[in-house]
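Subject: Structure handover

Hi,

Here is the structure you will be working with. Please open it alongside this email and follow along.

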Amino acid sequence: MTQEPSPLPSLDSLLRAPETAVLLARFGRTATAEALRRVLAARRAARQFHAPSAALIDLAADSLAARFVHSQRPVFNLTGTVLHTNLGRSPLPPEAAAAAAAAMRSATNLEYDLETGRRGERDSHIAPLLCEITGAEAATVVNNNAAAVVLVLNTLAAGKQVPVSRGELIEIGGAFRVPDIMSRAGAILKEVGTTNRTHPRDYEQAIGPDTAALMRVHQANYAITGFTASVPTEVLARIAHAGDLPLIDDLGSGSLIDLATWGLPHETIPQEALAAGADVVTFSGDKLLGGPQAGLIVGRRDLIRRINANPLKRALRLDKGRLAALEVVLRLYLDPDRLTERLPALRLLTRAEADIRATAERMAAVMQRHWPTRPVSVASCRSQIGSGAMPVDLLASVAVTLGGSGLESLAASLRALPRPVIGRIGQDRLWLDCRCLEPAEEAEFLAQLPQTA
Ligand SMILES: *Cc1c(COP(=O)(O)O)cnc(C)c1O
């Protein structure tokens, strides 16, 4: 004998049902009633006039949970690209994240001088630190490095020409193109040299009465090799200064410490650019520096003063949370001996291959036990620094690789986990580079593995 399904209950009776109490407590009356109303409407629209209350409440619970889940969530970045722009670049040290959260939760002395009781300067929390670390006369900070470049060019070169080497007219992901940025900033790009070779005389010949500054741009995410020539910063600075012009140097990645100390490839640091004669140096806060998204500007006092007086500065300024995080990160640089332990970006980039291999082996052993029919192995691979730093230099690393069929759907099911796992597919395997899976997170990673794969 088949049981007759119950007819559609009323919204009121669903709201009074004992199963609904937990939804009311969690999501509130308005949202819960709305979800139940939609479930009922969908049933009526589908002409399904019979359904038990519990099934309808379950559907409402699912839609409520989906509506309140956070869109932006922590993920496991096992792509092998450490400073992955699409995955939020540099992870912050916990104390920096805590300082940001504390600043955002309450009133702070953001622009208030506690000694005098008068209005203070937002930049005062980080400018002295930046000057101490880089040796610059003055410093300021804005929303990101793209904003820093726009602000510097708009201040120093609006309506005037800026010669840039054709080899440096780069596009960085996310629509940062040097020529476009230059024109939006109101400056006129004067291309000099060729893609592969630019000489001092190219700059000298480009300088005229309408020239406002010379500019050097870090080649970021590509490298020109072979028959190449570029003008060293010292020489460029000499040419600029002979014409009474400032030299702007956009470093992009902006490590504050020589990475060669840890066997990583050398990147020009702001200290070196300033010492070579650059007058204004710009770089990112969330690339090699290891801090929050920010654009740092260091250089000559008179130029920084003009930059700060530009009304655009107000539009591009940094909020108190990120300022708090940046201050904590900069202070870590005052104790360079422990930087690789305390700054996650640097810790991940300098992580020993043997240590990564140990993680990969632990993960692979558990995964193989968990998914006996799925081929699981451990393989050497190469990580990238990411964010345009040193595109041709790769770091020796170790991955768990998953073989077998249905790799795309396996990758999708890992992306659907509570803390999504992001790997990459290549050579008929799904690669999970374990460089960014630190021992402290292994338990969380394993606890959420799906039952089948
Ligand atoms: C990354 C980069 C930028 C843009 O910096 P954001 O902080 O992402 O805005 C600009 N110039 C260079 C050379 C870069 O590498």
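First, a term: a polar contact is a pair of N or O atoms within 3.5 Å; within protein, one atom must be able to donate a hydrogen and the other to accept it, and residues adjacent in sequence count only if both atoms are side-chain atoms.

The model is predicted, so to speak of local features we need pLDDT of at least 70, and side-chain atom pairs count only at pLDDT 80 or more, while totals for chains, interfaces and linings use all residues. Residues are numbered from 1 along each chain as its sequence is written, and side-chain values use heavy atoms, with hydrogens and water left out.

Arg-89 has a polar side-chain atom 2.9 Å from a ligand oxygen. For Lys-287, a side-chain N or O atom is 2.8 Å from a ligand oxygen. On its own, the ligand has 380 Å² of accessible area, and the protein covers 94% of that. These areas come from the Shrake-Rupley method with a 1.4 Å probe; for residues, only the protein chains shown count as cover.

Which residues are around the ligand? Among them are Asn-144, Phe-176, His-218 and Ser-284. To be near, a residue needs a heavy atom within 4 Å of the molecule. Helix H7 (145-157) and strand E10 (247-252) each give two or more residues to this shell. Helices (H or I, at least four residues) and strands (E, at least two) are DSSP runs, numbered from the N terminus.

By class, the shell has 4 nonpolar, 5 polar and 3 charged residues. Ala, Val, Leu, Ile, Met, Phe, Trp, Tyr, Cys and Pro count as nonpolar; Asp, Glu, Lys and Arg count as charged; the others, Gly among them, are polar.

**The whole chain**

The chain has 19 helices and 17 strands. Its C-alpha atoms fill a box of roughly 100 × 55 × 45 Å along the principal axes. Of the 453 residues, 49% are buried. Buried means under 20% relative accessible area, exposed over 50%, and partly exposed in between (1.4 Å probe, protein chains only).

**Two residues to look up**

Is Tyr-333 buried or exposed? Tyr-333 counts as buried, at 8% relative accessibility. Find Tyr-333 in the loop between helix H14 (320-332) and helix H15 (339-342).

Glu-272 is in helix H11 (residues 270-275). Glu-272 is partly exposed, with a relative accessible area of 31%.

Best wishes
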